[in-house]
Amino acid sequence: MHQALYRKWRPKTFDDVCGQEHITSVLRYEIKNGAPSHAYLFCGSRGTGKTTCAKILAKAVNCEAPVNGSPCCKCPSCLSIENGSATDVLEMDAASNNGVENIRDIRDEVVYTPSQLRYRVYIVDEVHMLSTSAFNALLKTLEEPPAHVIFILATTELHKLPATIVSRCQRFDFRRIASSVLASRISYIAKEEQIELDPAAAERIARMAQGGMRDAISLLELCAGGGAKIDTQTVDEMMGSVGRESILSLVGAVANADYDAIFEAIDEAVSASRDLAVFWQDLIGVYRDMLVMKTTDRAARYLDLADAEASELKTLAAHFTKGTLLAHCRLLEDALFAMQKANAVKRMVAELTLVRMCDPRLDTSLESLVARVEKLEDAALTGALTAKGTPQVQAQAPATPKKKSAPQQPDGDVQAEPPKAEPAIKKQAPTPAAPKAANGGRILTRMRGFINCVERIRRENAMLASFLGDARAYLDEQKRVVVILPNAFAEMMLEQNGGRDVLRHALCLELAREVHDNELLVETRDAPRAKNDTIIDDILSAAEGGQE
């Protein structure tokens, strides 16, 4: 009968465990000195060796001739535990045996001495699945078990365990295994199993395993199912991925707003029956790598990339600011959740998200607005941003026209030169007209920060602020404040119950000067409802004008 590779190559001693030396060294020391703990807690992500180390520990404490703290795997005790015939080593899955009656059975059994081995070992996998009553029943036994009993608890979700349980155990945190260690291990397994595996494909499998040895070995077996040589293309086909090169090309298309390339990339992924969710996770991974490279000088320490890949990624990251990368990451994350909820419209979600990423004006989220402001700040620092409506005209002295001699008639009379029209004066480019008040031809300048005044009023008088929400405020030539209300009813409400004084007080705080009653002009203009201003609108209207 065929045996899965991850079971066939499961470590049998502490020496075979990869990437968890900080744990195996402590366990070996305790076994060598004959001082094992009464309860262990192994926690960490899936496939990192928790259950494997638990079984090795069970063999080590019962081994008749341990070798440097590891089981010999030759004595009757080790062999009986290995083949599952040892009745003194009990492995329980708490996901399916999570009731209080299961823990009561264990509590009743621990009083009996082992029948064959030195220690009775209880391995409880996925212990976080136990019920509250089961945890309570386990507390006393776990704290003071008999000398011949050892508990080994394993979990992937430590936060679900009661603190009373954690405090009674010797805790070990299993880390995700480095990609280099995973690649080395699966290359060794492939060589022993006579599987042709390219080094690049081994690195690709290790990266996709995300720190789990079991996942890496399972992916190796999946890719070897066809019997052919395993290369990166084989790995991408088996996993439904489009490959890192295609992902980088798509990111470049987003940076250049190349919509044809974007739609072509999505179409190729769909036509090849790729899983768009896997494709999207790869895209998020590339953005994460760019963000790390953009924010730290030691990116190589946190990125598992070759030198050529790191150089290409650095060039690509130069097209984005940190604010833009954060805004894109938020869009990608939201799109991934949307894909998981609606499988039928994955393609549409992907295309719409990428289009929004190309044009920040289509995204009104806070992250996108921050990215736009950051871009404007960079333009201002480099001198590429100029104030709107202030064209730079170089003053030149009018050229004096040269006098031409008048043409003479054949009879010698001088012909009078016809009067020349005055040269047209070159007009300066007109400044864009400022808003005019409804009742005359005054030129008004928009007052920035009026939205702040409305927010201050809202804290004291929410009703009055509601009538001022659609108002517009301007400054005239005499620096008087002209507030234009949308209708007469809003003006009537402002004039009642001291609303005018409340508005003047808010204006004084915003303008940092005294605004007298005769300096506040309230007018009415019947106009369609306009979009409310925001502080970001003030910033963008002041700064973006220079880039139009």
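Entry 1: I began with R456, which is partly exposed at a relative accessible area of 26%. In these notes buried means under 20% relative accessible area, exposed means over 50%, and partly exposed is in between (1.4 Å probe, protein chains only). I keep in mind that this is a predicted model, in which local features need pLDDT of at least 70, side-chain atom pairs count only at pLDDT 80 or more, and totals for chains, interfaces and linings use all residues. Residues are numbered from 1 along each chain as its sequence is written, and side-chain values use heavy atoms, with hydrogens and water left out.

Which residue meets the side chain of R456 in a salt bridge? I found E510, at 3.0 Å from N to O. The term salt bridge stands for a side-chain nitrogen of Lys or Arg within 4 Å of a carboxyl oxygen of Asp or Glu. The pair links distant parts of the chain, with R456 in helix α20 (residues 450–460) and E510 in helix α23 (residues 499–511), 54 residues apart. Helices (H or I, at least four residues) and strands (E, at least two) are DSSP runs, numbered from the N terminus. E510 counts as partly exposed, as its relative accessibility is 23%.

**Entry 2: the chain overall.** I noted 24 helices and nine strands in the protein chain. The chain has 548 residues, of which 41% are buried. Its accessible surface is about 31200 Å², and carbon and sulfur atoms hold 51% of that. These areas come from the Shrake-Rupley method with a 1.4 Å probe; for residues, only the protein chains shown count as cover. I then looked at contacts, meaning heavy atoms within 4.5 Å. Of those between residues at least 6 apart in sequence, 73% join residues at least 24 apart.

Entry 3: How many salt bridges does the rule give? I have 24 in my list. One of them joins R46 to D215, where the closest N and O atoms are 3.0 Å apart. This pair links distant parts of the chain: R46 is in the loop between β1 (39–44) and α3 (50–62), D215 is in helix α10 (residues 213–223), and 169 residues separate them. Is D215 buried or exposed? D215 counts as buried because its relative accessibility is 18%, while R46 has 47% and so counts as partly exposed.

I also looked up E519 and R513, whose side chains meet in a salt bridge of 3.9 Å, N to O. E519 is partly exposed with a relative accessible area of 23%, and R513 is partly exposed with 31%. A network of salt bridges links E495, R500, D501, R504 and D517.

**Entry 4: aromatic pairs.** A ring pair is described by the distance of the centres and the angle of the planes. Rings of Phe, Tyr and Trp (its six-membered ring) pair if their centres lie within 6.5 Å; planes under 30 degrees apart count as stacked, over 60 as edge-to-face and the rest as tilted. I get nine aromatic pairs by this rule. Y122 and F151 form a stacked one, at 5.5 Å centre to centre with 20 degrees between the planes.

Why is the pair of F467 and F489 edge-to-face? Their planes stand at 65 degrees, with ring centres 5.5 Å apart, so the pair falls in that class. F467 belongs to helix α21 (residues 462–468) and F489 to helix α22 (residues 488–495), so the pair ties together parts 22 residues apart in sequence. F489 is partly exposed, at a relative accessible area of 47%. I also noted a cluster in which ring pairs link Y40, F42, F172 and F174.

**Entry 5: R214.** R214 lies in helix α10 and counts as partly exposed at 35% relative accessibility. With neighbours within four places in sequence left aside, R214 is in contact with Y6, R46 and G47. I also checked R10: its C-alpha atom is 8.8 Å from that of R214, although 204 residues separate the two along the chain.

**Entry 6: S77.** I found S77 in helix α4 (residues 76–82). S77 is buried, with a relative accessible area of 9%. Which residues is S77 in contact with, leaving aside neighbours within four places in sequence? I wrote down N62, E64 and L117.
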